[in-house]
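Please keep the sequence and the 3D view open while reading.

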Number of protein chains: 2
Amino acid sequence: DLAKKQELGRHAWYLFHTTLSRYPDEPSEAQQTKLKNYIELFAEFYPCGECSYHFQQLLEKNPIQVKSRQTAAMWEDYDCGC
Amino acid sequence: DLAKKQELGRHAWYLFHTTLSRYPDEPSEAQQTKLKNYIELFAEFYPCGECSYHFQQLLEKNPIQVKSRQTAAMWEDYDCGC
Ligand SMILES: Cc1cc2nc3c(=O)[nH]c(=O)nc-3n(C[C@H](O)[C@H](O)[C@H](O)COP(=O)(O)OP(=O)(O)OC[C@H]3O[C@@H](n4cnc5c(N)ncnc54)[C@H](O)[C@@H]3O)c2cc1C
Ligand SMILES: Cc1cc2nc3c(=O)[nH]c(=O)nc-3n(C[C@H](O)[C@H](O)[C@H](O)COP(=O)(O)OP(=O)(O)OC[C@H]3O[C@@H](n4cnc5c(N)ncnc54)[C@H](O)[C@@H]3O)c2cc1C
């Protein structure tokens, strides 16, 4: 259902972008590990099978950068084409 | 900013409810552990400090039930009052 996929996408990107915009400038090691885990679980549980698959593949090719808010933001600007 | 908090809440609940509605009826042990981790990280990274705090407290008092889609749905109906 295309309309549902798009609505889900808009909701999810909103939460996703807002979350990364609040990520610390100088995260601790623990925070870096947690963000990486969080994004991987977000991808795995994303409730659109096709999207979940694409996003997990994207993360494998282009792992999220968790060193700082800025590197996370640069990573995020990568266009997944999805 | 109240309007932003509410907009964030609506986006996040949408993703949250949709995710739990797609959770398996008979999840593996691994899936149960992952869902628990995912919800805990969702709470910790939730980009509204007050909400994140409340939701983490809620999870401590009333841990998410991950045995099946049905128990997760019952857990979800609990009113956090937030
Ligand atoms: C994790 C994830 C995976 C997805 N995978 C797929 C998929 O495999 N197939 C599919 O058809 N749809 C997928 N979507 C949905 C898609 O990205 C759009 O959100 C949806 O189609 C709504 O688009 P729109 O034009 O209405 O919104 P838009 O106004 O285009 O986008 C709304 C917001 O979504 C974000 N966004 C949209 N597209 C991208 C992109 N390519 N890269 C980064 N950010 C973007 C932007 O932050 C934008 O602000 C996925 C969404 C998410 C969150
Ligand atoms: C994890 C999380 C924690 C939050 N913590 C706070 C907080 O501490 N303080 C605060 O002011 N706002 C908090 N919010 C925001 C709040 O829950 C509402 O989403 C927001 O105020 C928008 O409400 P609304 O009346 O416009 O939307 P509504 O139409 O009332 O709700 C939209 C959807 O949000 C869900 N929802 C709303 N309230 C609850 C609730 N109490 N329990 C379960 N689901 C609910 C429902 O699924 C509903 O379908 C939080 C949101 C989330 C996702």
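H1(B) gives the most to the shell around ligand 2, with 7 residues. Helices here are DSSP runs of H or I with at least four residues, strands are E runs of at least two, and both are numbered from the N terminus. The model is predicted: local features need pLDDT of at least 70, side-chain atom pairs count only at pLDDT 80 or more, and totals for chains, interfaces and linings use all residues. Residues are numbered from 1 along each chain as written, chains are lettered from A and ligands numbered from 1 in written order, and side-chain values use heavy atoms, without hydrogens and water.

**Ligand 2 and chain B**

The shell around ligand 2 holds 17 residues. A residue belongs there if one of its heavy atoms lies within 4 Å of the ligand. The closest are Arg10(B), Trp13(B), His17(B), His54(B) and Asp79(B). Two helices of chain B, H1 (2–21) and H3 (49–61), each supply at least two shell residues. By class, the shell has 8 nonpolar, 5 polar and 4 charged residues. Ala, Val, Leu, Ile, Met, Phe, Trp, Tyr, Cys and Pro count as nonpolar; Asp, Glu, Lys and Arg count as charged; the others, Gly among them, count as polar.

| Side chain | Ligand atom | Distance |
|---|---|---|
| Lys5(B) | oxygen of ligand 2 | 3.1 Å |
| Arg10(B) | oxygen of ligand 2 | 2.3 Å |
| His54(B) | oxygen of ligand 2 | 2.7 Å |
| Arg10(A) | oxygen of ligand 1 | 2.3 Å |
| Glu50(A) | nitrogen of ligand 1 | 3.2 Å |
| His54(A) | oxygen of ligand 1 | 2.7 Å |

Taken alone, ligand 1 exposes 920 Å², and the protein buries 69% of that. Accessible areas come from the Shrake-Rupley method with a 1.4 Å probe; for residues, only the protein chains shown count as cover.

**Ligand 1 and chain A**

In chain A, helix H1 (2–21) and helix H3 (49–61) are the elements that give two or more residues to the shell around ligand 1. H1(A) gives the most, with 7 residues. This shell has 17 residues, and the closest are Arg10(A), Trp13(A), His17(A), His54(A) and Asp79(A). Its classes are 8 nonpolar, 5 polar and 4 charged residues.

**Chain A as a whole**

Chain A has 4 helices and 0 strands. Its elements run α-α-α-α from the N terminus on. The C-alpha atoms fill a box of roughly 40 × 20 × 20 Å along the principal axes.

Of the 82 residues of chain A, 40% count as buried. Buried means under 20% relative accessible area, exposed means over 50%, and partly exposed lies in between (1.4 Å probe, protein chains only). Chain A exposes about 5,000 Å², and carbon and sulfur atoms supply 50% of this area. Contact means heavy atoms within 4.5 Å. Among contacts in chain A between residues at least 6 apart in sequence, 59% join residues at least 24 apart.

His11(A) lies in helix H1 of chain A. His11(A) counts as buried because its relative accessibility is 13%. Its side chain makes a polar contact of 3.0 Å with that of His11(B). Not counting residues up to four places away in sequence, His11(A) touches Arg10(B), His11(B) and Tyr14(B).

Tyr38(A) belongs to helix H2 (residues 29–45) of chain A. With a relative accessible area of 4%, Tyr38(A) is buried. Apart from neighbours within four places in sequence, Tyr38(A) contacts Leu15(A) and Thr19(A), along with Tyr38(B), Leu41(B), Phe42(B) and Phe45(B).

Is Ser68(A) buried or exposed? Ser68(A) is buried, at a relative accessible area of 13%. Ser68(A) sits in the loop between H3 and helix H4 (69–77) of chain A. Neighbours within four places aside, its contacts are Tyr23(A), Pro24(A), Asp25(A) and Pro27(A).

Methods:
Polar contact = N/O pair within 3.5 Å; in protein donor to acceptor, adjacent residues only side chain to side chain.
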